Every structure is written in structure tokens, then in C-alpha cells.
Amino acid sequence: MIERPSPHPADPVPIGRVVATEQKPATPHQFHFWTAKETSVGIGAIVKVQEPGPVQGEAGRAGGRGKGDEGRVVYGVVTDGFAYSDLASPLHDVIGAEGDPARAAGAPTARAEIRLWTAAVLRQIPEEPLQPVPLGDVHMASDADVAQALRMDAYLHGARPTAIPIGLYTSGGLESPVYLDADFLVGPEAAHLNISGVSGLATKTSAIEFLLGALFQHFPPHRGKIAAVCFNVKGPDLLFLDQPGALEEEDRRRYDRLGVDPVPFDRVRFFAPFKADGVNLNTLRTHGDLAGAVEPLVWGLTEVLDFAEVLLNRDDIDAKADAFIDFLADRVVRRDFEDGFGGQHRVETFADLERLFRGIFDGLENAGRGDIWRTHHIATIRKVRNRLGNVSTRCKGLVTDDGPSSDLPWGRLEDRAVYVIDVANVDPLGQDLVFARVVSKLREHLERRDLGVDAVAVFVDELNKYAPADGADTYVKKMLLDISERGRYLGLSLFGAEQFRSQVHRRVVGNAATQVFGRMDGDELATPGYQVLSPATKIKLATLPVGELMVRHPHFTQPIFVRFPRPPVLRGRDGVERYPPAQDLPFEDAVARQLTRLDPGVRPNEVKDLIAGREEADVRRALGAVRRERPADLLATLRKRLGGRVAPEAARDRAAVPPLTSIPEEPY
Amino acid sequence: MSGRRDWLTALYAAGITPASFLPDASVGRLGEPDDETGAAVELIEDEELRVHPVALEPSPATVGFLDGIQQWRVVGYDGVQPIAVAYVAAAVRRRGRDGRLRTAHWEARELVVAPAGTLDEARRRAIAETGLEVVTAEVEGPVQPGQALEALRREVHRARQGLERELGRRAIDGMGETEWLVVDGQLAVSAVLARHPRALGVIKSHGAQFLEGRHLERALTVPAAHRTSVFRVRGGHGRTEVDSWYLRLWPWEGRDLYYGLIRIEIAAAPDPGARVPGISGWLLAERATLAAPDARFDRLLYPIHDVETYLRSRAPRDLLAPPASRLPRTGT
């Protein structure tokens, strides 16, 4: 944390002076100042204008009313810069050098030059009456000035500070921590963070990793518990959050300045669906040396049925089909159900559902009762059966036909824990299902206040894909819009990232109270959404170095540039180099590996012997049960779940039966 | 000029008629004649005045440039006798190895200039209390207002020259062993400057002609990047003899005879051939940076232009009519 500003700070040497002309007047929102040619001022620098006069007291600092005759203090951020000489026409330079540029360079006298800067007002003290910026001395902002200028003093100090470090404002040798207000980052005042920038150079993922770490370490205790749910949508980006990354001395110094401990996340749980074989996990984090195992993400019928809309396309879902699916969800699934033909059902899996369908079709056929079952036409029932039956095929690995589900620990989310859901290699349909269900569950539990934490930050990359500005209204887009618009009341914040902000749904980016920009694409900056930025700021954005961001936050009246240190976690790319993904194992080996991860005391050969000759579906089902139950004796439970082995019965030799009458001489 | 309103009020209360009149040439040094009547000239480089080509030479590492400005304005009339307020200032800006000019010396004076007999003791006291200096212009008997104005102008001019001399002396005192001082105008007006081996006067106006006949013709038609032979000037206003020569910075053909023509003065020395080519080459190199958009850019060295700009930037804003004033300027 930075120190409180002194009411009478020592006056440093001015670095510039405000100038105002009729053509370029000073206004309450903008002013111009000149500096020496050699100056540390640059685009994004925060400066302070001190009007000659009595220094403002504490009342003034607090934004009280003034008469306007006190020494007004104005903070501004440099948005543009100009340099020009007393040359009236370029031709004069040509004439002076007689057309020879080399001679111009060797001229004995350097022309008088000016460095003229334009600054946008960040804050005026006193705030009332709001007046044009006085023609005073310009100083570089100090740490305390930065806090004042960005109105961070409101949440940085006091009994219940809510400041979350986002980076260091660096200018003129100054490194001042810049803080976001947690109340405006994860609710309830405002929420959501959106980060834009070109791939590779904008360091969006790194910024989010750093910010999550800072958020966990600085989230105020009076705000309760917080967790993060991160969707890993590409490569190994978020798969090594628990592993320490390489930091340089400069990074450590910045961490120290920001008051953040540079350590990887100590509570990370990874989830990934299976591959189609049902035993090898569909993730790049499969190296045997990694301590934190990836937990399977497997859902059954009950988990999926509520999200049938996600899985079935518009042509599939008409009013009738929708009504029948609702009927199944409300009246059939997880209930004891009588099908009307004497059959008793308890539907918990797709296999159970298939048995119910078969019972209905057989019953209707045998009873000759026509085409209607419980007001639903048989064609509708067949259509729903067909579509739902395909779901487990289309999302194989994520949706299981008859095995038990394996899910996030709903209701038991831990404080300061990250839950990474790896859907990078899952097909788009599966990704949609994962997004929709996880977000819905988060919302449900937060509404009921039984999630285990009070606030959740959901990180979704590639918003260009999942919440595009145009295109069809997908379920995922609806979910993201829902978080954006209602999440802050619940404590559900969306931390979204994308390459092109202009191509993300307006309500998704518009609801993000905190906007972060890394290196931007020139074409993107030419879109109307960036018109409020000066040309110089756009140029700076287009050439922003790695590790520097532009931040907009409700408390900041102008965008601020900050630098953040490298995240203290292993980058995805480095992670897969250090921990190369293991090859997919044969079925028996994969089962053995899963069990040995649950209990290192289990001997793989014993597992292999136990499952040898068993149906793979049976093994998967038993393995799922073991995973869910986590018993003390894994093998015993596995054996029990597999059931008794039925020894194959050898075919008996049949005695030859002699013909009743012999045909001694058969001609054919 | 803080407090001017106070003493003006007192002055007007004492019976002075308020006025606001900006005489011609009151904003600088425009139009001052290079009057050198009575000077004797002796050729010291060649038998007769010749023209020598000049090659570009590097300038000394450190050079100071001295110039001054004067501004004045009539603020009232005692009867028909004008009373003016004036501002004179001078500065030396030093150029170092980086080619940039930095102020080494600066001095300014604010004056109230009035014909003798127009300000009684009470009025003088009122002015003196504001910190302004009163300068009396000696006029013989009642004169026409125009003659009085000319007398005031001479006083302002004298005050400015005095300031320049003073700053020139200070600059000479503080000069390094290899440092030079370039003065805008005649070097000979100051004995200290005129005797210093590394002081240089650059004269842009040619009101006084030192030569005649074919020598004059050769001097005034010297081609670009050429100089004349050196001649020694004795007497005149300067009273200290100096060596002088003409140098053409820019081609004059197609323009005016004086276009690009400067006259240079340095302290008299026995062997002009040893230093004059180098000085001429250095001054020729000063064409770049061009002093445009100043109308005198063909003869005005950019550093001198810079000193003038500096002095004007520090001059009081309320002395002259604001340049962007929307009020039409009067014709009188």
C-alpha cells in the first residue's frame, strides 16, 4: 500500500507549465503544457498542476466545495504530444541547407523547439466549482498524487479498504501501484473485467493470471470468500497454475512494490472430460510427475437433460419436443415411474431412459392404443429419443450412457481456489454444454448462497467465439450475457478476453466495468469503439510492449497505462515442455493409472488382473463409482462394483444321434 | 510592469492627459541607421579592395550572441509634450557543442521617458514609488510633438545601447579562453568589445558607406560566399578602431543590392589574413539554420534571431497592443 498524501507535500521542481491560447484554451477537462526538450513526460504520464495560492486543506482534498480562489490542484494524464520548431515553412529548412540534408544536420545552431503536451483532466481539487485548468506549474505525479488523481484514496485507505493491485504506473522513474476497487471488479457496485489485445503480444492470459493472484491475496476479508472458475479453451494455457514460473529480479521487485506475493496458486483443481475411450483424459496435463491430478468431468442424463437446448439444434426443438423433454425432466428422471403398461422405471442414466422408451413403444404396440402416450405423440417421443440418444455419442467422454457422473464440487467450492475446466480439445458442442451447465450451476448456487464461496470470477477466453457481436444467439452467448447483466448482484463476475473487442457482443463488453487493453491491432483501433482515445494513445496501444496494459476502471476518469509483472505460474507453453503430455494408454493401463493416482499404494498389476476379461463398459462404470466414493480400499470397491466373475461354461459334446432308418446306398 | 496602472492613475490625476499611441519602430530595432559619419577607412589586407572566395568553416565550440530590444509607448501628454513608457532589454545567449542556445545574461529596464520640464517633482515621486526609472529627454525650448517624440526615441535607443554595452562587458568578463561573442550591430560602440580579440560585430544595415568609387561597387556587388578585403575603420561613433569587411551570405542577383550582405567588425589586429577567412567561413555556415520567417533572414543570423525571440518572450505583454487584438489599429 502506498502512503497517505501529506496535506502539504514538498514542492518538487516543475517539469512544465500550462499554456493556454485562444486556439488551444485550457478547459475543465483538458489542458496543454510545455516541457523541456529532454523530459520524462510521455503519453500516459500523470501530471499535477499546482495553481499558485494557498495549499488546499484536507477538506479540499476530500473533494469539498471551494470558492475557486484557493490554490487549485489539477491532475491530468497526457493524451497527446506535439513537437515543433519556429520553422514557418519546411521550405525554409531546405533553403537554409541549400537542399543538402547533411548540411542541415550540421547547422551550428539547433532550432528552438517545443514539446507541447495535451492532458486530459483526471481530477480537480476542489471539485466544485469546476473550472478551467489554471495556468500553473506542472509537476510529475508522486505516488500519493497518483492515488489522488485516480481517486484510489476512496478505497485504498479507511477501515475497509477494497484495493486490488492491477499494476504499476511507471513514468519518469516513478513506479506507483495502481489499484482497482474490488467492489467494482467483482461486485456489488459494478463488476466484470474485459481484456482485449492481439494474440501473443497482449499477454491477456498472463494479465488474468496475475490479476487473479492479486485478487486472491488482496480480496478484503469483510467481503467473504472468493474462487475462480477458468475455462481453458486453447492449448495448455491454464493447465499449470499450480506450478511456479520463472521470474526475473525486475518481476520480483514489481511484486514487492505491489504488495503481492509471487507464488503460484496453492489451491487449483483441474477438470477435463475423457476422450472417446472413456478412460484417458482429454487434456494436455497428463504428465505423471504433476502432483495435482486432473479430475474427470463426466455428466450423465440428469446433468445433461436440463441443457438439452444446448445440445439440440433449433430444428430439433419444437414446442412438442420441448414439452416432452420438460415432462421427462419433471416427472420421470430420478423418480420411480410407472410407464402405464405395467413397467416400473427409475431413470438415472441414458441407458435407463432407453429402457423406458422401449417400454413405451412396446406397450403402445402391444396394447394397440394408438399413437399417443400421456398426451405425447409417438413421433415426438421417437424424435426426442433419437436426439437424446445421440448426445452421448456426440459428446463421448463428457456424457456417459450409464456410468456415474463426476462433477465440480458444487456447494463445496473453496476460498481462494481456482477451478480450471479444460475444454480445449472438446468439440464445440461439448464446450457449449460445459459452459452452459457450469455457469448455470454457479448462478443457481450463488442465488441460494450455498456455493461455498461468496464471489466467483469466471474467466472465459476467446469471447470472439463464444459471445460474438453477430451470429446466432447460442446458449453460451445467452449465459455470458446473463452473467454480464445480472452477475454482479450474485457475486458472479465475468473476466473475459478476446482479440477484437469490437466483435464481441456489445452488452458483454459494455457491462464490464473494468476494461483492460494490451497490444491492439491497428484495424481494431480504427473501429468506432476507440474514438474516445486520442491518436497518440491509439499509437501507444498499437505498440504497447509486452507486460504493459491500458486500464479503464470506474474510478479512473481516463485510461491509465500500467505495467504488471510476469505471473508467478508456469506458462502453458513452458509447462508442456517441462511436463510433456503422456501418451494415451491402453485401456487396462489407463484404468490402473487412474487408480494409482487415487491411491499410490495400489499395484497396477493387481488392477489389470482384476479387470482382465471384463467388459470395458462395466469397468468404466465401476471405475466411476470408485472415483465418486473414494473408498479406503479401492481395489475391494472396484471388485465389488464389477460384481462376481461368471466363469464361461464349456460347451458339452453332443452325442451323435443315429438316423432312424439307415440309407445304405444314398446316390446323392 | 506591475503597478503601472497605479502611477498612471496618479499621473492622470495630476493633470496629464491619458493617451495610447504606439510610434513607428517602437517595437524593436527596425529602421535604425548604421550611421558612421566621420569615420576614416584604411585598406589593410590588399593594395586595393578585392573579392575573396569563402569556404565553409566550423564555428567555435562555444559562442555567445548578444542582442537587445526596445519597446515604447506614449501613455499621456503634458500639454502637447509626449510622455512614454519604455522597456529595454538585452541578453547573451550562449551556444554550446550541442548547438542549443541557453541564456547566459539577461537584463531589462523599465523606463518612463519624458521631455525635460514635463514631470514635476510630485509626478516623479509617484512614478518612482512604482519602481520605474525616469529618463529625461533634453529638448531645447518648446518643440513640436514630433521633435519631442524623436528625442524620446533617442533616449530609449541610448538606454538599450547602454544595456547592451553592459551585458557585453559582463559576457567578456565571463568568457572562456576559446569562446567568442557575436554582437548584433557595431562592435565599435563599446571600447571593451572593440578591443576584445574574440568579439565580433555583425552589421545588417548599411546606412553608412565606408568605401567609394570602384571599391564601393566591388563591396556592394560581392558575390555570394565571397568577402571583401579587410579595411580598418577609425573614428566615427565608435572612437575605437576596428577591422571590417563585407561578406555576402546569399546571392543578391535578382533581388536587392544589399540582399544577404553583412559587414563584420572585429578588434583591429596586425594580420587580418590569419583570422578573417576562418571567421568568414564560420559566418557563412551560419546561413543554416535560416532565420526565416523573420523578414531580415538573408542577413540575420539565426542565433541573433533567437536572442530577439527570447527577449520578446520576456517583454511585458501590456506594453504593446496585443497582436491578436480585434480592435482596428488607428492610422495616427
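Colleague: Does A:His192 count as buried or exposed?
Modeller: In this predicted model, local features need pLDDT of at least 70 and side-chain atom pairs count only at pLDDT 80 or more, while totals for chains, interfaces and linings use all residues. Residues are numbered from 1 along each chain as its sequence is written, and chains are lettered from A and ligands numbered from 1 in the order in which they are written. A residue is buried if 20 or more other C-beta atoms lie within 10 Å of its own, exposed if 12 or fewer, and partly exposed in between, with C-beta atoms placed from the backbone. A:His192 has 28 C-beta neighbours inside 10 Å, so A:His192 counts as buried.

Colleague: Where is A:His192 found, and what is its phi?
Modeller: Helices (H or I, at least four residues) and strands (E, at least two) are DSSP runs, numbered from the N terminus. A:His192 is found in the loop between helix H6 (182-185) and strand E9 (193-196) of chain A. Although A:His192 is not a glycine, its phi is positive, at about 80°.

Colleague: How many C-beta neighbours does A:Glu462 have inside 10 Å?
Modeller: A:Glu462 has its place in the loop between strand E18 (455-460) and helix H15 (463-466) of chain A. Its phi is near 60°, a positive value in a residue other than glycine. A:Glu462 counts as partly exposed because its number of C-beta neighbours inside 10 Å is 16.

Colleague: Which orientation do H12(A) and H13(A) have towards each other?
Modeller: Axes are lines fitted to C-alpha atoms, for helices over the stretch in contact, and angles run from 0 to 180 degrees between N-to-C directions. Helix H12 (residues 350-367) and helix H13 (residues 378-394) of chain A pack with their axes 11 Å apart, at an angle of about 160°. Angles under 35 degrees count as roughly parallel, over 145 as roughly antiparallel, 65 to 115 as roughly perpendicular and the rest as oblique. H12(A) and H13(A) are therefore roughly antiparallel.

Colleague: How many nonpolar residues does the contact of H12(A) with H13(A) have?
Modeller: Two residues are in contact if their C-beta atoms, placed from the backbone, lie within 7 Å. Those involved include A:Phe350 and A:Leu353 of H12(A), and A:Ile378 and A:Ile381 of H13(A). Ala, Val, Leu, Ile, Met, Phe, Trp, Tyr, Cys and Pro count as nonpolar, Asp, Glu, Lys and Arg as charged, and the others, Gly among them, as polar. Beside 2 polar and 2 charged residues, the number of nonpolar residues in this contact is 8.

Colleague: Which helix gives the largest share of the side of chain A that touches chain B?
Modeller: Across the two chains, 14 residues of chain A are in contact with 19 residues of chain B. Helix H2 (90-96) and helix H3 (101-105) are the elements of chain A that give two or more residues to this side. The residues of the side divide into 8 nonpolar, 3 polar and 3 charged. The largest share, 3 residues, comes from H2(A).

Colleague: What share of the residues in chain B is buried?
Modeller: Chain B has 7 helices and 13 strands. Its residues number 332, and the buried share is 43%.

Colleague: What is omega for the peptide bond from B:Ala292 to B:Pro293?
Modeller: B:Pro293 has its place in the loop between H6 and H7 of chain B. The bond from B:Ala292 to B:Pro293 is cis, with omega near 15°.
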